[in-house]
Amino acid sequence: MKLFRHISGLICWAMVAVGLCSCLDSNDSEIVVTDYYNCIVTSFSLVDNSNVCSSLSGYSFTIDNFGLSDDSIHALYPNDGIIFNPDSLPRGTIADSVKISASFSTPDSAYLRLYGLDGELGQYAQFSADSAFYFASYPNVLLTIVARGGNRKTYHIKVNVHKVEGDTIVWHDYTDELWADMNITDQRTDTLGQTLYWFVEENGKSYKVSTSQLSENSPTEWQPMADVSVAEGELLDLATLYNWHDRLYAIGKTHGRLMTSADGFHWEVSSGEHTFVAILGNQYKTKDVYGRWNQDSLNVIVKADGAYRFAVSADATNWNVAQQIPSNFPVAGFTRPIWTEARSDYGNLTSRLYITGGLTAEGQFVSSTWSCDGWNDDVHGPNWVEFAQEEMPGMSGASVLEYTIDSDKPKTFWLLHPGFTATGNVPTHRLYGKYYTTLYYSEDSGVSWHRLSRYYTQYADNTPIGEVACNSAFYDPQSYKMYFFGGCRADGTFKTSVWGGCLNSLTFDKRR
């Protein structure tokens, strides 16, 4: 049976060969091919021209054979196609003297007609890879393909150019002073679920809170201030405010107890077993270097046995007090703790915590980033490692955002909004000093910080925000917006306005 099929196949191929020879021997002048009636553009791009813009050939073009990508063109020319670049050329680009690289299915002819805004024909030419075309001078461009069989297809070519500068951060002042009539002595903003909570301390003895939903309107729509009740006469250190397991935590200034709230309005004692000093953030449950699971735990600093010590807890009630903190480890004024997931491809087998800057127990301003990757049996406590900084001075009250400048690599561009330094006359509150104006960035999770103006000059202007530190910074990955709520001036007074910024290019559709 197999032999029969093999012989049959040879016979079929022989018949095809005879047929082809018959065609060649006939009086027909050419062979009929499938491209005879084909008038479709199969590829389209622009040739590099540094006088137009850099990497011009890197901007991809979409070939829409049915013309459905633009309703206005399709309504007037329902049979035409459209060729366009979905990722627009940079703002200010003048797309003149541009050469085209295109391919077709062996047409009889291909020619371009370029019309001005007045409808007058400004340029007509047969398509050639050596011809230069002037899209900016004549924005209405038609490419017509004529097949050898007589069929023809017209494409409208749209070379899109951004109308705004993409590689810059635009800042907006979303509110005036929200509560200018209050004597605010401290403030902080944090979240519970999809709700923002803006806490203020008034006259150093009472607390109020306003809420806003996390949405596009969140910077401007705030509820009236409402009273906050705190159990057992504690005063809240709002600088320690932290969200963990859908509850808010803060350290009491009166007795050093750990306070907690499920709704932001009513606070109770979570733990009074130790004297709490600072909240260092959450270490998420991951495997350690020995393959064992670290439990999800809250990290803090407590004062025990006459020393500042690390402590961890899985429930914020029962605490494992560990080793003494290093003398150069901050106890106040460091950035809001940031955690990152385990990344085995980078050698990070555990989630990690990061804090930057702050003040030591001796009141020294520090600039280092400290990172914790879990429990270390050798020290019988959490494993904190210091990354000393060469470019950045010591400061307190700085804010860090996990921002994005490339949508393919979200939250990898960390932006540090400055705080106070020890330079100048330091007011009575130990967190305050002289405001430092320079923005810093990190692309390695805070291991190294660099002046933003050195490599990203276009992002470095933060003058619209004003000279404030200790603000509450948040990043919305859906809208690519960063928000700065409130802040403290160098004279110790507080702002209650909201500033927001967004990198323009992140609002553009990215197709390449």
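Over which residues does pLDDT stay under 50, and how many contacts beyond four places in sequence does the model have for them? The stretch is residues 1–33, and the model has four such contacts for it.

## Model and confidence

Welcome to a predicted model: local features need pLDDT of at least 70, side-chain atom pairs count only at pLDDT 80 or more, and totals for chains, interfaces and linings use all residues. Residues are numbered from 1 along each chain as its sequence is written, and side-chain values use heavy atoms, with hydrogens and water left out.

Here pLDDT is the predictor's confidence in each residue, from 0 to 100, and a contact means heavy atoms within 4.5 Å. The chain has a mean pLDDT of 85, with 85% of its residues at 70 or more. Helices (H or I, at least four residues) and strands (E, at least two) are DSSP runs, numbered from the N terminus. In the chain, helix α1 (residues 2–25) has the lowest confidence, a mean of 36, while strand β17 (residues 258–261) has the highest, at 98. Where pLDDT is low, the predicted coordinates should not be read in detail.

## Nonpolar cores

A nonpolar core is a set of buried Ala, Val, Leu, Ile, Met, Phe, Trp, Tyr and Cys residues joined through side-chain atoms within 4.5 Å. Buried means under 20% relative accessible area, exposed over 50%, and partly exposed in between (1.4 Å probe, protein chains only). The largest core contains 29 residues, and L46, F135, L143 and I157 have the most contacts inside it. At least two residues of this core come from each of β1 (41–46), β4 (98–104), β5 (109–115), β8 (140–146) and β9 (152–158). The most come from β4, which gives four residues.

Leaving aside residues up to four places away in sequence, I157 touches F44, I83, L112, F135, P139, V141 and L143.

## Salt bridges

A salt bridge is a side-chain nitrogen of Lys or Arg within 4 Å of a carboxyl oxygen of Asp or Glu. The whole structure has 10 salt bridges. In one of them, R336 pairs with D190, and the closest N and O atoms are 2.9 Å apart. Because R336 lies in the loop between β24 (320–324) and β25 (338–340) and D190 in strand β11 (residues 184–192), this pair ties together parts that are 146 residues apart in sequence. Both R336 and D190 are buried.

E232 forms a salt bridge with R257, and here the closest N and O atoms are 2.5 Å apart. The two partners are 25 residues apart, with E232 in the loop between β14 (226–230) and β15 (236–244), and R257 in the loop between β16 (247–252) and β17. E232 is exposed, with a relative accessible area of 54%, whereas R257 is buried at 13% relative accessibility. A network of salt bridges links E232, E234 and R257. Another salt bridge joins R451 to E391, with the closest N and O atoms 3.9 Å apart. R451 is partly exposed at 31% relative accessibility, and E391 is partly exposed with a relative accessible area of 21%.

## Cysteines

With a disulfide taken as a pair of cysteine sulfur atoms within 2.5 Å, a search of the whole structure finds zero disulfides. For C488, the nearest cysteine sulfur is that of C470, 5.3 Å away. C488 counts as buried at 0% relative accessibility, and C39 is buried too, with a relative accessible area of 9%.

## Aromatic pairs

Rings of Phe, Tyr and Trp (its six-membered ring) pair if their centres lie within 6.5 Å; planes under 30 degrees apart count as stacked, over 60 as edge-to-face and the rest as tilted. By this rule the count is 32 aromatic pairs. One of them is edge-to-face: F413 and Y459 have ring centres 6.3 Å apart and planes at 85°. F413 lies in strand β30 (residues 413–417) and Y459 in the loop between α3 (452–455) and β35 (472–476), so this pair ties together parts that are 46 residues apart in sequence. Both F413 and Y459 are buried. Elsewhere, ring pairs link Y174, W179, W198, W222, F474, Y483 and F485 into a cluster.
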